[in-house]
Amino acid sequence: MTAVIQASGLGKRYRRTWALRDCTLAIPEGRVTGLVGPNGAGKTTLLRLAVGMLTPACGTIAVLGQSPAAGPAQLARVGFVAQDTPVYARMTVADHLRLGAWLNPGWDDDLARRRIGQLGLDPKQRAGSLSGGQRAQLALTLALAKRPELLILDEPVAALDPLARREFLQGLMEAVAEHGLSIVLSSHLVADLERVCDYLIVLVASRVQIAGELSALLGSHHRLSGPRRDPGTMPTGQEVIQESHTDKQSNLLIRTDGPVLDPAWTVKPVSLEDLVLAYMSRAADGTPARRQRLGAVS
Amino acid sequence: MIRLSLLQFRVQAITAAAALAAFAILLATTGPHLASLYAASGISGCQPAACEHLASNFLQQLYTAGTYWVLYLLGVMLILLTPAVIGLFWGAPLIAREQETGTSALAWNQSITRTRWLAVKLAVGGLAAMAVTEAMSLMQAWWAAPIGRAVGLGGGGTNLAMGRFSSLVFATHGITPLGYAAFAFTLGVTAGALIQRTVPAMAVTLAIFAAVQIAMPLWIRPNLFPARHTIVAITALDNISLQQGGLNGSHFDLGALNLPGQPGAWLLFSEAVNAAGQATSTTPAACTAQADENSTPAVMACLASHGFREAISYQPASRYWAFQWTETGIYLAAALALAGYCFRRLNRRLS
């Protein structure tokens with residue numbers, strides 16, 4: 001696997017608090033990678049380190065094999081759409097395209113104009129008067145028309161209404177289909193990630209809880225329900241991610257590469273949302289989360 | 001990047017151009033009349049003995065009329081304020097506004113390094129700041145040339161009679177405005193980079209710049225070159241201030257306002273010394289009686305007859321340009337140091 005982002009022991013500290021601590025991960029090339037995790041997991045810090053907006057306090061990070069923002073060439077290879085998709089409020093849409101053309105040698109003016117046309121944006125309109133969705137689309141257009149090899153987006157749709165969110169992600173997908181670039185996208189909206197991502201990383205407290213291809217993840221996780229049972233007695237190869245028990249019944253979310261053969265279990269597939277939540281709620285030390293239910297004795 | 005920088009500088013450039021135009025119109029509409037007053041005063045082509053008197057009359061006339069005195073002060077104040085305004089409104093937001101609105105993430109993720117981005121921004125803003133301030137200074141210098149000539153000829157007696165070394169004149173003429181503008185601008189940029197919020201950065205910029213501009217004429221400028229010291233006879237002084245206090249004028253304070261033989265010199269300090277060469281403010285008993293008559297010449301003559309002389313510390317007029325260059329150099333060096341710090345900070349520690 002070639003990594004577009006490779007981090008090792010990466011840390012960033014603001015005075016005494018660590019925004020990211022000892023983070024080690026590899027994000028594969030040619031994928032649309034979703035980075036999901038609770039607030040404060042370090043997603044934004046990680047992505048801002050990847051584009052060189054921040055410098056690490058410790059550890060290393062390589063983006064496309066080089067240190068972030070190392071020079072004009074490296075900057076040209078990586079596109080970034082920051083949280084809240086900032087644009088210059090006083091500059092017009094056309095001015096933004098001019099900015100892109102002036103500052104990027106690889107600028108694809110056709111692509112930019114086509115996208116602006118498709119979106120129905122008035123080039124003379126000031127960016128400050130655009131809707132949130134239009135602003136996000138303008139920011140995405142700037143990042144795409146620079147023709148990067150890797151596009152990093154930090155919660156680009158968090159502030160958008162469902163329709164604008166869908167249109168934004170659709171635009172992103174079209175770009176992937178057309179140009180085949182690698183994408184890293186952070187979000188806490190699992191449904192959005194499911195729509196666009198083919199690779200998923202769950203990050204909690206700077207640590208990768210699970211990473212893998214979306215289909216493989218869904219295929220290797222199962223929800224089991226059956227008579228009450230001690231999770232410690234599960235066969236090897238079946239890792240309990242989440243458990244909940246009543247007097248008579250056990251509900252488990254497990255990961256296994258093989259089939260579940262025990263006929264006592266009723267096996268159901270898991271949704272991505274359940275999978276992500278299970279990993280997010282699992283304590284950082286790896287013990288399964290114990291889901292308490294009303295009236296449960298455990 | 002230069003094109004983007006100019007595009008983003010449009011509003012400031014238009015504002016500055018409008019302000020410059022307004023200033024130019026104000027001076028252009030009043031300047032010719034001031035020049036005609038000067039021509040009518042008979043100073044040009046005056047007999048050397050009469051020049052000083054004519055120059056004083058001219059200044060007195062302007063001062064009494066009021067308008068030109070007010071315009072003169074207004075122009076000087078605007079030139080002094082311009083660097084501060086530029087530091088506040090061009091300098092402080094340069095990085096801080098990008099950080100506040102998040103557009104730094106947009107600007108610094110194009111295919112251009114932050115160093116280049118800042119270099120162009122600093123160059124465009126800094127050069128514009130220097131050009132605007134110096135343009136105002138030159139326009140004011142043209143307008144106030146008659147006043148300057150009258151003062152140069154020894155005209156005195158009013159508040160208008162400020163020599164080239166006086167704080168207000170020195171700081172608004174020559175090349176010092178260039179240094180102030182560059183310094184104030186980079187000071188604003190640095191404050192913005194450090195604080196990352198525009199309004200607090202503006203406040204800090206104003207506070208520091210004001211403090212520097214007060215400290216410079218009061219404590220730093222007089223010591224840029226070692227002062228010269230001289231002791232002259234009291235009778236040789238032709239422009240003095242004498243204050244008497246205490247019972248029967250038992251104490252006095254004699255200050256020289258110009259130095260004979262050194263026209264245009266910058267007097268830093270002067271005090272009376274007795275026959276033994278010691279500084280003293282005690283009026284000799286023989287002279288206290290003179291005080292009752294409230295007659296300055298009588299007191300002066302008496303002091304002189306008791307061996308009193310005046311010790312004067314000064315900077316000669318010939319050092320004017322040395323002072324100008326040195327002070328401008330200090331401000332430019334400070335501006336460069338601040339800019340260097342901004343480059344380092346932008347590349348290493350921004351969040």
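Modeller: In this predicted model, strands β2(B) and β3(B) form a hairpin with five residues between them. In the turn you will find G246(B), whose phi is positive, at about 75 degrees. β2 of chain B covers residues 240-245, and β3 of chain B covers residues 251-256. The two run antiparallel and are joined by six bridges. To find your way along the pair, look for L242(B), which stands opposite L254(B) in β3(B). How many of the six residues of β2(B) are buried? The number is zero, so this strand lies largely in the open.

Now turn to chain A, where an open sheet of three strands has the order β2-β1-β4, with antiparallel pairing. β2 (17-28) and β4 (58-63) of chain A stand at the edges with a single partner strand each, so one side of each has no neighbour in the sheet. On average, neighbouring strands here are turned by 20 degrees against each other, direction ignored. Strand β1 of chain A, residues 3-14, is joined to β4(A) by five bridges. One residue to look for is S8(A), whose bridge partner in β4(A) is T60(A).

Finally, visit V78(A), in strand β5 (residues 78-81) of chain A. V78(A) counts as buried because it has 27 C-beta neighbours inside 10 Å, where 20 or more are needed. Leaving aside neighbours within four places in sequence, its contacts include V51(A), V63(A) and P148(A). V78(A) and P148(A) are 70 residues apart in sequence, yet 5.0 Å apart in space, C-alpha to C-alpha.

Definitions and conventions
Residues numbered from 1 in each chain as written. Chains lettered and ligands numbered in written order. Predicted model: local features only at pLDDT ≥ 70, side-chain atom pairs only at ≥ 80, totals over all residues. Pairing = 2+ DSSP bridges. Helix = DSSP H or I, 4+ residues; strand = E, 2+ residues; numbered from the N terminus. Axes fitted to C-alpha atoms, helices over the stretch in contact; angles between N-to-C directions. Buried ≥ 20, exposed ≤ 12 C-beta atoms within 10 Å, placed from the backbone. Contact = placed C-beta atoms within 7 Å.
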